[in-house]
Amino acid sequence: MVGHAFMGAAHSQAWRVAPRFFDLPVRPVMSVLVGRDADRARAAADRLGWAEAATDWKSVLERDDVHVIDICTPGDTHAEIAIAALDAGKHVLCEKPMANTVDEAVAMAEAAARAAERGVRAMVGFTYRRTPALALARDLVAQGRLGRIHHVRAQYLQDWIVDPEAPLSWRLDKEKAGSGALGDIGAHIVDATQFILGDTITEVVGTLATFVSQRPIASAHSGLSGTAATGQTGPVTVDDAALFLARFGGGALGSYEATRFANGRKNALRIEVNGAEGSLAFDFEDMNVLQFFDGKEDPAVAGYRRILVTEPSHPYVGAWWPAGHGLGYEHAFTHQAVDFVRAVAAGTDPAPTFADGLQVQRVLAAVEASSASRTWQQV
């Protein structure tokens, strides 16, 4: 695993837990963690459960005992590491957004296609699609329970930088992150809605905004937060919020909002889908629940049904706890590791593929272009 901060910790937990709760065809071995600083990497490896630490990811690609590279670094390094790993014959799991630019994503998708011809697989970490309630939502749409889809509404609302004194982090630097709320959290709702509908966005129109243009320079980071260095400031070079409309290939209309300035909202990933015969709604802040409306019911008693998605028959849930004992944020990462291992062992492409990641990157780029031109943009 390359990188060991917020996402590195989440991925490490997944690799540790996956073989203990799920029957896997092969057992993952957490061999080596890579970080830029030797002391910090060693401490992280000890804390997170990795056997070794290293500072040179290129040297890890030469090791015969390493078969998978898990990329948990900022976006500006994804393309270089992923392409080199795939060319070296290593399976790759790469955090989202897959790249910082469409050109990088194209190169990564091409490398994945070449590697697949040799049985080497690649997957993008759009983890929310492994939340049981969202996986159930996809199943209901695929079964035709909603009929023809008319509307999709998606929001991802956070507030961790609403304070103008919150310090700069790499997520606020376009060179490292590619974009701000658009790519960091907007990418998630693009993938999640396309996953649920089994359809892709073909056209967008939108706008981006940056509310705080200068912030204190951080002297230390922890997760999404940090400690500011006294008296020093630097520019914010990404968007703080993104709003856009979308058209899907199947005819549905979508509205999207991604912001890190929604005061009071901590991780409100919300999706509502309206079809000719029913609707569904989800909010990650109540992640074990899916709301479902069956439009075929008697109007006198019809209404949204609150489904507690904790039954053994629900996606992924059977490996965990008795019904009603809810899952948390970390479980979707475990499900991701399980799906990745099973696909690699079966010799099939794990989803979402790098081609899927490229499609999401094209949506993000089209939103940026639309914000600049004030026009609809083809994806």
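Strands E12 and E13 run antiparallel and are joined by 5 bridges, where two strands are said to pair if DSSP finds at least two bridges between them. The names used here follow DSSP runs numbered from the N terminus, with helices (H or I) of at least four residues and strands (E) of at least two. The model is predicted, so that local features need pLDDT of at least 70 and side-chain atom pairs count only at pLDDT 80 or more, while totals for chains, interfaces and linings use all residues. Residues are numbered from 1 along each chain as its sequence is written, and side-chain values use heavy atoms, with hydrogens and water left out.

**The sheet**

A hairpin of 2 residues connects E12 to E13, and within this pair Arg 270 stands opposite Asp 283 in E13. E12 is mostly covered, since 6 of its 8 residues are buried, where buried means under 20% relative accessible area, exposed means over 50%, and partly exposed lies in between (1.4 Å probe, protein chains only).

Both strands belong to an open sheet of 9 strands with mixed pairing, whose order is E15-E14-E13-E12-E6-E11-E10-E7-E16. At the edges stand strand E15 (305-308) and strand E16 (377-378), each with a single partner strand, so one side of each has no neighbour in the sheet.

| Strands | Sense | Bridges |
|---|---|---|
| E13 (residues 278-283) and E14 (residues 289-294) | antiparallel | 4 bridges |
| E6 and E12 | antiparallel | 8 bridges |
| E6 and E11 (residues 253-259) | parallel | 7 bridges |
| E10 (residues 241-248) and E11 | antiparallel | 7 bridges |

Gln 155 has Arg 270 as its bridge partner in E12, and its bridge partner in E11 is Glu 257. Elsewhere, Ala 242 is partnered in E11 by Ala 258, and Ala 281 is partnered in E14 by Gln 291. The hairpin of E10 and E11 has 4 residues between the strands, and in this hairpin Gly 251 takes a positive phi near 105°.

Helix H6 (residues 132-142) lies across strand E6 (149-157), strand E12 (268-275), E13, E14 and E15, and it runs at about 20° to E14.

**Helix packing**

Two packed helices are described by the angle between their axes and the distance between the axes. The axes are lines fitted to C-alpha atoms, for helices over the stretch in contact, and the angles run from 0 to 180 degrees between N-to-C directions.

Helix H8 (residues 181-197) packs against helix H10 (residues 354-373) at an angle of about 125°, with the axes 10 Å apart. That angle makes H8 oblique to H10, given that angles under 35 degrees count as roughly parallel, over 145 as roughly antiparallel, 65 to 115 as roughly perpendicular and the rest as oblique. The contact (heavy atoms within 4.5 Å) is made by Leu 182, Gly 183, Ala 187, Val 190, Asp 191 and Gln 194 of H8, and by Gln 359, Val 360, Val 363, Leu 364, Val 367 and Glu 368 of H10.

Helix H4 (residues 78-87) and helix H5 (residues 102-116) pack at an angle of about 10°, with their axes 9 Å apart. H4 is therefore roughly parallel to H5. On the H4 side, His 78, Ala 79, Ala 82, Ile 83, Leu 86 and Asp 87 meet residues of H5 that include Glu 104, Met 108 and Arg 114.

**Two single residues**

His 11 is placed in helix H1 (residues 6-21), and it counts as buried because its relative accessibility is 2%. Apart from its neighbours within four places in sequence, His 11 is in contact with Met 1, Asp 70, Cys 72, Leu 93, Glu 95, Phe 333 and Gln 336.

Ser 313 lies in the loop between E15 and helix H9 (329-346), and with a relative accessibility of 68% it counts as exposed. The C-alpha atoms of Ser 313 and Phe 261 are separated by 38 Å, and these two residues are 52 residues apart along the chain.
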